[in-house]
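Hi,

Here is the structure I said I would pass on. Have a look at it first, and my notes follow below.

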Amino acid sequence: LKLMGEHPILGVGVGDYVPAMEASYLEKGVKLPVHSNQQFFYFGVVGGLVALFLFCVFFFASGHLLFWRSGKRDYGVSAACWWTFMLVVFLFDSPLNYQMPAFLFLSVWFGVYFLLLEKTGAE
């Protein structure tokens with residue numbers, strides 16, 4: 001939150017995340033691996049309010065589209081379960097900082113999205 005307050009609009013930038021977090025930890029004498037407490041904080045530190053807002057819009061709008069607008073109950077329930085699971089994970093960790101969970105998240109999300117496009121006949 002301190003780093004978000006110091007760089008509120010555009011954040012510290014993607015390349016400066018680790019040095020900014022390390023400096024903040026050293027300032028307080030904390031000896032932990034560099035890591036934000038949750039995914040939303042990570043986007044707030046890296047890209048400020050702009051990135052945090054865009055990430056929230058993408059996350060919540062895509063969840064809304066997948067399970068409310070799909071018109072298919074089974075796909076909607078599956079998407080709702082996945083979206084809720086990822087929301088809980090994002091509140092307690094920042095897995096998109098790591099390559100494997102980020103790839104899994106995008107793969108599953110795009111897979112569900114394209115499956116819904118195919119099943120609903122949307123173009």
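A word on naming before anything else: helices (H or I, at least four residues) and strands (E, at least two) are DSSP runs, numbered from the N terminus. This is a predicted model, so local features need pLDDT of at least 70 and side-chain atom pairs count only at pLDDT 80 or more, while totals for chains, interfaces and linings use all residues. Residues are numbered from 1 along each chain as its sequence is written, and side-chain values use heavy atoms, with hydrogens and water left out.

Let me start with helix H1, where glutamate 6 and lysine 2 both sit, four residues apart, about one turn of the helix. Glutamate 6 makes a salt bridge with lysine 2 (a side-chain nitrogen of Lys or Arg within 4 Å of a carboxyl oxygen of Asp or Glu), and their closest N and O atoms are 2.9 Å apart. Searching the whole structure turns up one salt bridge. On accessibility, buried means under 20% relative accessible area, exposed over 50%, and partly exposed in between (1.4 Å probe, protein chains only). Glutamate 6, at 43%, therefore counts as partly exposed, and so does lysine 2, at 30%.

Next, the largest nonpolar core, which has 21 residues. A core here is a set of buried Ala, Val, Leu, Ile, Met, Phe, Trp, Tyr and Cys residues joined through side-chain atoms within 4.5 Å. Among those with the most contacts inside this core are Tyr17, Phe40, Val45 and Phe105. Helices H1 (2-6), H2 (17-28), H3 (39-68), H4 (73-92) and H5 (99-120) each give two or more residues to this core, and the largest share, seven residues, comes from H3. Leaving aside residues up to four places away in sequence, valine 45 touches Leu3, Met4, Gly11, Val12, Gly13 and Tyr17 (contact means heavy atoms within 4.5 Å).

H2 has a clear inside and outside. Its buried residues are Tyr17, Ala20, Met21, Ser24 and Tyr25. They cover an arc of only 130 degrees around the axis (taken from the directions from the helix axis to the C-beta atoms), so they are on the same side of H2. Leu26 and Glu27 are exposed on the other side. Just after H2, glycine 29 has a positive phi of about 75 degrees.

Finally, the rings: there are nine aromatic pairs. Rings of Phe, Tyr and Trp (its six-membered ring) pair if their centres lie within 6.5 Å; planes under 30 degrees apart are stacked, over 60 edge-to-face, and the rest tilted. Tyrosine 42 and phenylalanine 43 have ring centres 5.6 Å apart and planes at 75 degrees, so that pair is edge-to-face.

Cheers
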